[in-house]
Amino acid sequence: MKGTCVIVGASHAAAQLGPSLRESGWEGRIIMIGDEPHLPYHRPPLSKEFLAGRKQLADIRIRPEAAYRKAGIEFLLGRRVTAIDRERKRVRIEGEDDLPYDVLALTIGSRARRVDLPGTGLPGVHYLRNISDVDAIRPGIRSGAEAVIVGGGYIGLETAAVLRAAGMRVTVVEMMDRVMQRVTAPDVSAFYTRVHREEGVDIRCNIGVAGFEGHGRVEAVRCSDGTCLPADLVIIGVGIVPNTELARAAGLKVENGIVVDDFARTSDAGIVAAGDCTWHQSAVYDRWLRLESVQNAVDQARAAAGTLCGKPARYDALPWFWSDQYDLKLQIAGLSQGYDEAVTRGDRDHGRSFAAIYLKAGRVIAVDAVNRPPEFMIGKKLITGGHIVDRVRLADAAVAMRDLLTAAK
Ligand SMILES: Cc1cc2nc3c(=O)[nH]c(=O)nc-3n(C[C@H](O)[C@H](O)[C@H](O)COP(=O)(O)OP(=O)(O)OC[C@H]3O[C@@H](n4cnc5c(N)ncnc54)[C@H](O)[C@@H]3O)c2cc1C
C-alpha cells in the first residue's frame with residue numbers, strides 16, 4: 001500500500017476510486033490519467049442542465065480540486081494512455097515517457113457508438129458524450145430552428161426535452177417500434193411518447209436513417225422510408241461502446257467489457273477495473289452484465305479500492321439509474337430484462353406520474369417510477385428482499401407501497 005497506483009480514466013469511477021483508496025489506507029502515490037482536459041465531472045447533466053445552460057463546468061465537478069489535493073491525488077489530464085506493459089508494469093502515455101505503476105486501475109468508460117452513414121461528418125451532426133461535444137452542440141441551439149435526434153433512448157429523449165424547451169422544433173427518429181424499447185415496458189414507452197408529443201416533439205418510430213445531407217453543413221436527414229427531415233442540428237444517440245482496446249491489447253480477458261470478478265479484479269491480479277468499461281457477474285441477477293450508470297461506476301470503484309488495499313468487499317449492489325425529461329423524474333431500480341409481467345400504477349394516458357413494476361415468477365425484479373418516489377424506494381426493498389407481492393393490490397395505486405412491503409412474502 002506504499003507503491004504507486006495509476007488510474008487510467010478520470011471520470012465517475014476514478015473520482016470515487018482515488019479518494020476511496022486513501023480512505024482505505026493507501027499511502028503511496030495515486031496518479032490519475034485522463035484524456036479529457038477536465039477534472040472529473042458529472043456526465044449526466046450533459047444531456048440535461050448543462051446542455052440547457054442552467055449549469056456550468058464549475059457546477060458539475062464531482063469534487064473540488066482542493067479535495068484531490070488534500071487526498072494527495074495527482075492528475076495527468078489531457079493525456080492518453082496508449083498501451084499497458086504488464087511485464088514491466090508501465091503504462092505508455094502518448095507523446096511522453098512511460099509511467100511505472102505497482103498497481104493499475106482501469107476506469108476508461110465507454111464512448112458514443114458511431115454510425116457509418118453518408119454525411120455524418122457534416123458540421124451540425126453531433127454525438128453527445130463529453131463536455132467538448134456539448135461545447136460543439138450549444139451554438140446550434142436556436143429557437144425556431146430544426147433539430148433531429150437519431151435514437152429514442154434516454155440520451156436522445158433527454159436531449160429532445162432540452163432542445164424543445166429552448167424553442168427548437170424537434171423530431172426524434174427511432175428505428176424500433178417504440179422509444180426506450182431496450183430498457184422499458186411498452187406502457188412506459190407509451191407514457192413517454194405521449195408526454196413528448198404533448199410538449200410538441202415529433203416522435204417517429206420504425207424509421208431508420210439513411211444519411212445526412214447539406215452543402216457545407218447539415219440541412220436534412222434522409223430517412224429509410226424516403227422522407228427527408230429538415231435539420232439545422234442533428235444529435236445521434238444510438239448507444240455506447242465500452243473502451244476495451246487497451247485491456248485487450250494488454251492480454252486481459254475481455255468479453256462485452258473488461259472481465260472483472262465480484263471484487264473488481266481483472267484477469268491480472270494487479271489490475272482492477274470499474275465502471276462502464278467492465279463486464280461482471282451480477283450477484284442480484286445471476287448473469288453477466290455491462291452497466292452504463294453512475295451507481296455502477298461509483299459502487300464498483302469502491303470495491304476496487306478495497307481490493308487494492310487488501311480489504312476486499314464484494315460488489316453486489318442493486319443497479320439503479322435515473323433520467324430527467326421536462327418535469328419528469330424517472331427513477332429506475334433493478335433491471336427489467338426477462339420480466340414476465342409488468343404491473344402499472346397511475347395513469348399512462350394522462351398526467352405526469354406513473355410507474356411500472358416488473359415481475360418474474362411473481363417476484364419484483366425492477367421498477368420504473370416517474371415522479372413516484374415511494375414506488376422507487378419501496379421497490380428497491382421488494383427487489384433486494386426477493387419478495388412476492390399481491391399483484392392485484394400492487395396494481396391499485398390507492399394501496400400504499402409501504403403496505404405492500406409489510407404484507408409481502
Ligand atoms: C449524456 C449522458 C447522460 C447520462 N445520464 C445518466 C443518468 O442520468 N444517470 C446515470 O446513472 N448515468 C447516466 N449516464 C451514464 C454515466 O455518465 C456513465 O455510466 C458514467 O459516466 C460511467 O463512468 P466511468 O467512470 O465508468 O466512465 P466514463 O464516464 O466513460 O469515463 C471514462 C474516462 O476515461 C477516459 N479515457 C478512456 N480511455 C482513456 C485512455 N486510454 N487514456 C486516458 N483516458 C482515457 C475517457 O475519455 C473518459 O473521460 C449518462 C451518460 C451520458 C453520456
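## Meeting the domains

Domain bounds here come from an automatic or database domain assignment. For the protein chain, that assignment gives three entries: domain 1 covers 5–111 + 240–308, domain 2 covers 125–236, and domain 3 covers 327–407. Please keep in mind as you look around that this is a predicted model.

## The chain as a whole

Let us start with the overall picture. The protein chain contains eleven helices and 26 strands. Its radius of gyration is 22 Å, close to the 22 Å that the globule rule gives for 409 residues, so the chain is as compact as a globular protein of that length. Taken along the principal axes, the C-alpha atoms of the protein chain fill a box of roughly 65 × 60 × 35 Å.

## Where domain 2 touches domain 3

Now turn to domain 2 and domain 3. Their centres, taken over C-alpha atoms, are separated by 29 Å. Domain 2 brings 15 residues to the contact, and domain 3 brings 20 residues.

The size of an interface is often given as the accessible area lost when the parts come together. Between domain 2 and domain 3, the buried area is about 1300 Å², and carbon and sulfur atoms give 56% of that area.

## Polar links across the interface

What holds for charged pairs here? The rule finds three salt bridges across the interface of domain 2 and domain 3. For polar contact, the count between these two domains is nine residue pairs, with both residues at pLDDT 80 or more.

On the side of domain 2 that touches domain 3, helix α6 (residues 186–198) gives the most, with nine residues. Sorted by class, that side of domain 2 has nine nonpolar, one polar and five charged residues.

Terms used:
Residues numbered from 1 in each chain as written. Predicted model: local features only at pLDDT ≥ 70, side-chain atom pairs only at ≥ 80, totals over all residues. Heavy atoms only, no water. Contact = heavy atoms within 4.5 Å. Buried area = accessible area lost by both parts, 1.4 Å probe. Salt bridge = Lys/Arg side-chain N within 4 Å of Asp/Glu carboxyl O. Polar contact = N/O pair within 3.5 Å; in protein donor to acceptor, adjacent residues only side chain to side chain. Helix = DSSP H or I, 4+ residues; strand = E, 2+ residues; numbered from the N terminus. Nonpolar A, V, L, I, M, F, W, Y, C, P; charged D, E, K, R; others polar. Rg over C-alpha atoms; globule rule 2.2 N^0.38 Å.
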